[in-house]
Amino acid sequence: MIDDMWQIHVHIMLLSRRYYRIYGKNLSASRLNKHIRKLKKTTKPHWADLPSQVVQDVVLRYGKSQDAFFDNIKDRKAGLTTRKVGRPKIKPRQKYSSLTFTQAGYTLEDNRIKINCIDTYFSFHKHREIKGVIKTITIKRDRCGDYWICFSCENVEDSEPKPKTGKSAGFDYGNKTFLTSDEGNKIESPQFFKQSLKKLRSLSKALSRKVKGSGNWYRACRALARQHRKVARQRADWQWKLSTELCTEFDTLCFETLNLEGMKRLWGRKVSDHAFYQFLQILEQKCAKHGKKFQKISQWTATTKPCSDCGYHNKALSLSDRQWTCPECGSHHDRDVNAAINIKRAGLAA
């Protein structure tokens, strides 16, 4: 079914491109849905067996990507962002990996789901009870060939928020130390990619020796994908647990916005292994859930060179200087702790 949805996706993209090239206009979602209904009765009769709402979701995804493209143009003209969003592109078959049911097209019975159009039941491992009212069901296929079912529910009673502690903290991100707090506590990253690097290299070499498209090549691809998936899961698990600890201990968490793409060009793999942006997303979600405050300050706010005691701006400070003494007041600073203190002050002031 996912491959059928990919075929509809390709047809929609090619049709919209051709229509824009001829008429200089974009097709609306309603016209695309009407066009697909006609195709079901004429040249694409096999599409009529697919759930109608799942097919409509393919069109909806195209509409959302078009809206994101035009909204980004408006925001960049208004100076609200520098991030560039491109036009929707045709996804390769292997990257179109999910389909979404909204209200019909399936039957759910405990840990079994029936896809009505193929009249077949599939069993799945239900790791916890489903709470609330199910709004959408998404079936995803990963690069390892495994299938996952995701339930989106509303009217769900969340767990009790973490108690208030009245404490606030600022954190500085660094390559040598993942996080440094304003109190001097340092949190090291396990660097799971680095731990698995030897095995990943071995699997990559094994893949390069296979004939592309052969059975052994596909098996080697999945073996490599499974190892990458393991690394990503280890990293995400550690970040979720760390974010829970920080939300439990502090009420206000202050961080600095960083140019991570520029840092990747300088230090590469280590910055990607830390996945700092992913951690901030997880932490922001945790703070919203537990009623804690998550504050980000601008990357242009001076935090590293100013002295946290007297405010003296040490212009001679270089990246290799991990400890320094303020020539104005004589205070001795750890570079990361001093930056964390300044981040906390700027965050609380904001």
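The lining of the largest pocket has 18 nonpolar, six polar and 10 charged residues. Here Ala, Val, Leu, Ile, Met, Phe, Trp, Tyr, Cys and Pro count as nonpolar, Asp, Glu, Lys and Arg as charged, and the others, Gly among them, as polar. The model is predicted: local features need pLDDT of at least 70, side-chain atom pairs count only at pLDDT 80 or more, and totals for chains, interfaces and linings use all residues. Residues are numbered from 1 along each chain as its sequence is written, and side-chain values use heavy atoms, with hydrogens and water left out.

**Largest pocket**
- The largest pocket holds about 1,500 Å³ of space.
- A pocket is an open set of points on a 1 Å grid over the protein atoms alone, where a 1.4 Å probe fits, with protein on both sides within 12 Å along at least five of seven lines; lining residues have an atom within 4 Å of a point.
- Grid points are joined across faces, edges and corners, and a volume is the space filled by probe spheres set on the points.
- Its lining counts 34 residues, and His127, Arg128, Ile149, Cys150 and Phe151 are the closest to the centre.
- Strand β6 gives the most to this lining, with seven residues.
- Elements are DSSP runs numbered from the N terminus: helices (H or I, at least four residues) and strands (E, at least two).

**Second largest pocket**
- The volume is about 750 Å³.
- Among its 26 lining residues, Tyr173, Met263, Trp267, Leu319 and Arg335 lie nearest the centre.
- β7 (168-173), α7 (260-267) and α10 (335-349) each supply at least two lining residues.
- By class, this lining has 10 nonpolar, nine polar and seven charged residues.

**Nonpolar cores**
- A nonpolar core is a set of buried Ala, Val, Leu, Ile, Met, Phe, Trp, Tyr and Cys residues joined through side-chain atoms within 4.5 Å.
- The largest has 29 residues, and Leu99 and Phe101 are among those with the most contacts inside it.
- Helix α1 provides the largest share of this core, nine residues.
- Another core, of 24 residues, lies apart from it and includes Tyr173 and Trp238.
- Beyond its neighbours within four places in sequence, Leu99 is in contact (heavy atoms within 4.5 Å) with Met1, Ile2, Met5, Val54, Arg61, Ile137, Thr138 and Ile139.

**His333**
- His333 sits in strand β13 (residues 332-334).
- His333 is buried, with a relative accessible area of 5%.
- Buried means under 20% relative accessible area, exposed over 50%, partly exposed in between (1.4 Å probe, protein chains only).
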